[in-house]
Amino acid sequence: MTTGANTVGDVFSAGAEEFHRWSGALWDPVGAVTAEVAAPAAGESVLDACCGAGASALPAARAVGAAGRVDAVDLAAGLLSIGERRAREEGLDNLRFHCHDVTSWPVTGDGYDLVQCALGVFFFPDMDRDAAALTRKVRPGGRFVVTVWEKGALDGWQSALREAVLTERDLPRPPQREQLARIDTADTLAAWLHDLGGSVPRVVRRRFDTPLSPDTAWVLATGSGTRGMLSGLSPAAVERVRAEFTTRIVAAGVTDLDVRILTGTARFTG
């Protein structure tokens, strides 16, 4: 899987329904933590970058209320459709979903009170350059908040999947993993926010386990960025990967997804 914008959007759109099946157990809790640390206030304007199906945009919209607004931006049209449906069901008229490259999303006035990005910055083609573009959308004195996987997160599930795919094809280390490795500890994430120009960066660590079965493990594999590992394989090869993955998950005794996240926040003076 490459980090080209269209490729990432296509991968997540193709697995949108599988992605959403994990919303309640994974994506929504991560989004809730992001919004909790970001602390959007009533009446504020929020840009939710790489919004997916709305995991962090929905709680932000609830928090800012009718006097505030949330622009949720992503390239995965399939996920945006789910997010729009969820917003309608809650009557969140202050939340708008947009299919757009968030780094070139136009900003009016002084910018947003808050720009937040949950599990997205490491998918950017150039994490430093593109995250810096996001910080320029923050009004002077506003906040930039980023959630990333902590080092060691998802290891049992991810290792089994990678080893299973390797039985069918070679897998170079993807660029997003290289980028994530630069910011997957509290110290390195804080330093990165400081280097972007943020003041007094703060990092909150959260960890929880969520039950995992061979079936739900495969749903996650096909409903997240790892779906790109299967791109180009024949249906028969994909089924062989699934069988090998299941064997490895069971043999390793992986019955929970090890979720570890870091949420960093900093203020930007513009």
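**Salt bridges and overall build**

Analyst: D128 counts as partly exposed, at 31% relative accessibility; buried means under 20% relative accessible area, exposed over 50% and partly exposed in between, with a 1.4 Å probe and protein chains only. This is a predicted model, in which local features need pLDDT of at least 70 and side-chain atom pairs count only at pLDDT 80 or more, while totals for chains, interfaces and linings use all residues. Residues are numbered from 1 along each chain as its sequence is written, and side-chain values use heavy atoms, with hydrogens and water left out.

User: Which side chain does D128 meet in a salt bridge?

Analyst: A salt bridge here is a side-chain nitrogen of Lys or Arg within 4 Å of a carboxyl oxygen of Asp or Glu. D128 sits in helix α6 (residues 127-135), and its partner is 54 residues apart, in the loop between α8 (175-180) and α9 (186-195). Helices (H or I, at least four residues) and strands (E, at least two) are DSSP runs, numbered from the N terminus. The partner, at 3.0 Å from N to O, is R182.

User: Which parts of the chain does the salt bridge between R206 and E36 tie together?

Analyst: The closest N and O atoms of R206 and E36 are 2.8 Å apart. R206 is partly exposed, with a relative accessible area of 28%. The two residues are 170 residues apart in sequence, and because of where they lie, the pair ties together strand β6 (residues 199-211) and helix α3 (residues 23-38).

User: In which helix is R240, the salt-bridge partner of E168?

Analyst: E168 and R240 meet at 2.8 Å, N to O. E168 counts as partly exposed at 27% relative accessibility, and R240 does so at 45%. E168 is in the loop between α7 (155-165) and α8, while R240, 72 residues apart from it, is in helix α11 (residues 235-251).

User: How many salt bridges does the structure hold?

Analyst: R207, D258 and R260 are linked in a network of salt bridges. For the structure, the number of salt bridges is 15.

User: What is the radius of gyration of the chain?

Analyst: The C-alpha atoms fill a box of roughly 55 × 40 × 30 Å along the principal axes. The radius of gyration is taken over C-alpha atoms, and the globule rule is 2.2 Å times the number of residues to the power 0.38. With 270 residues, a compact globule would be near 18 Å, so the chain agrees with the rule at 18 Å.
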